[in-house]
Amino acid sequence: MEQFKIIDQYEQLKSLGDPFRSKIMMRLIEKPYTGQQLSEIFELSRARIHYHLKELEKNGFIRVVKKEEKNGIIQKFYQSVAKGFIISSELLPHTKEISDVTKQIFIETLNRTETRILSAP
């Protein structure tokens, strides 16, 4: 896993700007998950999770890191390609809009960290 990935296309920025995809990314930065596992965590259908995973994979944010066969079904484990993401300065003509996206990512990170701290033994 890379330390940072540079976001240099608007389509990538749009994809990661979705609040739910940001939540998925927070999980996939920590460790690999299958679509089924994410479906159970977020209490959403596998089809909806699969749609978001395909969007993140298409834009280069995640990749399949492992495949396992379970009861004749191949499970794909997805993980983030980097620990963090940096927005290219060429995509920053509207600093206010981008700053809101960045704030949302930071808020999701803080919320996830708070949850983990509070649930620690």
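Q: Which elements each supply at least two residues of the lining of the largest pocket?
A: Helix H2 (19–30), E5 and helix H5 (95–118) each do. Helices (H or I, at least four residues) and strands (E, at least two) are DSSP runs, numbered from the N terminus. The model is predicted, so local features need pLDDT of at least 70 and side-chain atom pairs count only at pLDDT 80 or more, while totals for chains, interfaces and linings use all residues. Residues are numbered from 1 along each chain as its sequence is written, and side-chain values use heavy atoms, with hydrogens and water left out.

Q: How is a pocket found, and what volume does the largest pocket have?
A: Rolling a probe the size of a water molecule over the atoms shows where empty space is left. On a 1 Å grid over the protein atoms alone, a pocket is an open set of points where a 1.4 Å probe fits, with protein on both sides within 12 Å along at least five of seven lines; a cavity is a set from which the probe cannot get out, and lining residues have an atom within 4 Å of a point. Grid points are joined across faces, edges and corners, and a volume is the space filled by probe spheres set on the points. Here the largest pocket comes to about 450 Å³. It is lined by 21 residues, of which Met-26, Lys-83, Gly-84, Ile-105 and Thr-109 are the closest to its centre.

Q: Which element gives the largest share of that lining, and how do the residues of the lining divide?
A: H5 gives the largest share, with eight residues. For the division, Ala, Val, Leu, Ile, Met, Phe, Trp, Tyr, Cys and Pro count as nonpolar, Asp, Glu, Lys and Arg as charged, and the others, Gly among them, as polar. On that scheme the lining of the largest pocket has twelve nonpolar, five polar and four charged residues.

Q: What can be said of the second largest pocket?
A: Its volume is about 380 Å³. Gly-35, Gln-36, Arg-46, Ile-74 and Gln-75 are the closest to its centre among the 14 residues that line it. Two or more lining residues come from each of helix H3 (35–42), helix H4 (46–58) and strand E4 (73–80), and E4 has the largest share, five residues. The lining of the second largest pocket divides into five nonpolar, six polar and three charged residues.

Q: How is a salt bridge counted, and how many does the structure hold?
A: The criterion is a side-chain nitrogen of Lys or Arg within 4 Å of a carboxyl oxygen of Asp or Glu. The structure holds four. In one of them, Arg-112 pairs with Glu-30, the closest N and O atoms being 3.0 Å apart. Arg-112 lies in helix H5 and Glu-30 in helix H2, so this pair ties together parts that are 82 residues apart in sequence.

Q: Is Arg-112 buried or exposed?
A: Buried means under 20% relative accessible area, exposed over 50%, and partly exposed in between (1.4 Å probe, protein chains only). Arg-112 is buried, at 18%, whereas Glu-30 is partly exposed, at 30%.

Q: What about Lys-58 and Glu-55?
A: They form a salt bridge with closest N and O atoms 3.4 Å apart. The two are three residues apart in helix H4, which means a separation of about one helical turn. Lys-58 is exposed, at 55% relative accessibility, and Glu-55 is buried, at 16%. Another salt bridge joins Glu-68 and Lys-66, at 3.3 Å between the closest N and O atoms. Glu-68 is partly exposed, at 34%, and so is Lys-66, at 40%.

Q: Which residues form a nonpolar patch on the surface?
A: Patches are made of residues with over 30% relative accessible area and no salt bridge; like charges are joined within 9 Å, and nonpolar side chains (Val, Leu, Ile, Met, Phe, Trp, Tyr) within 5 Å. Accessible areas come from the Shrake-Rupley method with a 1.4 Å probe, and for residues only the protein chains shown count as cover. Here Phe-4, Ile-6 and Ile-86 form such a patch, with about 290 Å² of accessible area together. Ile-86 belongs to strand E5 (residues 82–87) and is partly exposed, at 41%.
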